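Dear colleague,

Please find the structure below, with its sequence.

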Amino acid sequence: MHEQSSERLLDLLYWMMLTRGVDDRCEALFKQGKFPGGIFAQTGHEAISVGSSILLEEGDAIAPMHRDLGAYLVRGMSPGRIFAQAMGRVGAPSGGRDLNTHGLGDISLRIFGYVSHLPQSMGIALGAAYSFLYRGEDRVAMTYFGDGASSEGGCHEALNLAAVLNAPVIFILENNRYAYSTPLEKQCRIENLAIRAEGYGIPGVTIDGTDIIAVMDTTKEAVERARGGGGPSLIECKNLRMKGHAIHDPADYVPAELLEHWEERDPVEQFRRQLEAAGTLDEESLQSIKARIEREIEEAVEWAESSPLPDPGTLEEDVFA
Ligand SMILES: Cc1ncc(C[n+]2csc(CCOP(=O)(O)OP(=O)(O)O)c2C)c(N)n1
Ligand SMILES: [Mg+2]
């Protein structure tokens, strides 16, 4: 942690708090009836999405999944466009044609909107990474998938092909212990999913996904390896999905002790405490970060609400067949 400058550490805290703030505001807007669709909370995933995506260069590509709000924000997707997406407005990346994170991609930011059929974003990221390698470009791709998605065939095909092609891709496995209501132990007999990397001949590590510094240190190594011609890596980040699968799910199947255990490891609070203990963060800087985030979110909501709904006359535009 001390290798990073105070400015960088406070910047990381800002991104994590912004991610949590946008996420909480999404929940409030949904409850106010302003989001016609549903939403996936990402609470508990901030250290993973921010700590990994922040290491990418501008030309790199990213294929996030449904709990990687932090990666969208870090890569330049504005909170206003994220709110507009859930409100179905013209200002959204999908222009109001998709209410979900599925349509949240923006190629100009090199963000691929995620493929609903899990874990097919892995193949998309692999394709991007292979194209970089093929053209001799100094670029990498990063993608994310869950413990549930790791049991799907597409995951194993993507890992294997990435290994064989030596593609510059970083696979981030977000092991939050649940796939909808299915706990990890009901879908596989191993505790550390990263050991599967050995079967593909690529490096695989398991880390604490609530610790942003651990995520950054490990991801940095993997990004450097990919850039240096060393091929793909698998990083398993362990955390807990701290809310239900989506807004409709109270997650009453998650044992209270398990939730309490992970609540003590809340990634945002944990990092804030670390920075305070190290003397990097004082009350004044905390309040100023909070005020900045509140202002940005307020402006973003206003911007999204002022964006019109799509004109029904454009219904047939951009339709392939
Ligand atoms: C092939 C496929 N099957 C089922 C679904 C429905 N579905 C969406 S998210 C999800 C749970 C995924 O769990 P996990 O991969 O652990 O990610 P998490 O939601 O926990 O972040 C399911 C079953 C889907 N999108 N794709
Ligand atoms: Mg999961």
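Helix 6 buries Gly154, Cys155, Ala158, Leu159, Ala162 and Ala163, where buried means under 20% relative accessible area, exposed over 50% and partly exposed in between (1.4 Å probe, protein chains only). Helices (H or I, at least four residues) and strands (E, at least two) are DSSP runs, numbered from the N terminus. The buried residues pack against helix 5 (121-134), strand 2 (141-146) and strand 3 (169-175), contact meaning heavy atoms within 4.5 Å. Asn166, which follows helix 6, has a positive phi, near 55 degrees.

This is a predicted model, in which local features need pLDDT of at least 70 and side-chain atom pairs count only at pLDDT 80 or more, while totals for chains, interfaces and linings use all residues. Residues are numbered from 1 along each chain as its sequence is written, chains are lettered from A and ligands numbered from 1 in the order in which they are written, and side-chain values use heavy atoms, with hydrogens and water left out.

The largest nonpolar core has 63 residues, of which Val22, Phe83, Ile170, Ile212 and Phe271 touch the most other members. Such a core is a set of buried Ala, Val, Leu, Ile, Met, Phe, Trp, Tyr and Cys residues joined through side-chain atoms within 4.5 Å. Helix 1 (residues 6-31) gives the most to this core, with 11 residues.

Phe271 is also among the buried residues of helix 9 (residues 267-277), including Pro267 and Leu275. The elements covering the buried residues of helix 9 include helix 1, helix 2 (46-53), helix 7 (212-227) and helix 10 (283-306). At the N-terminal end, Asp266 caps helix 9, with a side-chain oxygen 2.9 Å from the backbone nitrogen of Val268.

**Ligand 1**

Around ligand 1 there are 15 residues, of which His66, Arg67, Ser116, Gly148 and Tyr178 come nearest; a residue counts if one of its heavy atoms lies within 4 Å. A polar side-chain atom lies 2.7 Å from an oxygen atom of ligand 1 in His66, 3.1 Å in Asp147 and 2.9 Å in Asn176.

Yours sincerely

Definitions and conventions. A polar contact is a pair of N or O atoms within 3.5 Å; within protein, one must be able to donate a hydrogen and the other to accept it, and residues adjacent in sequence count only if both atoms are side-chain atoms.
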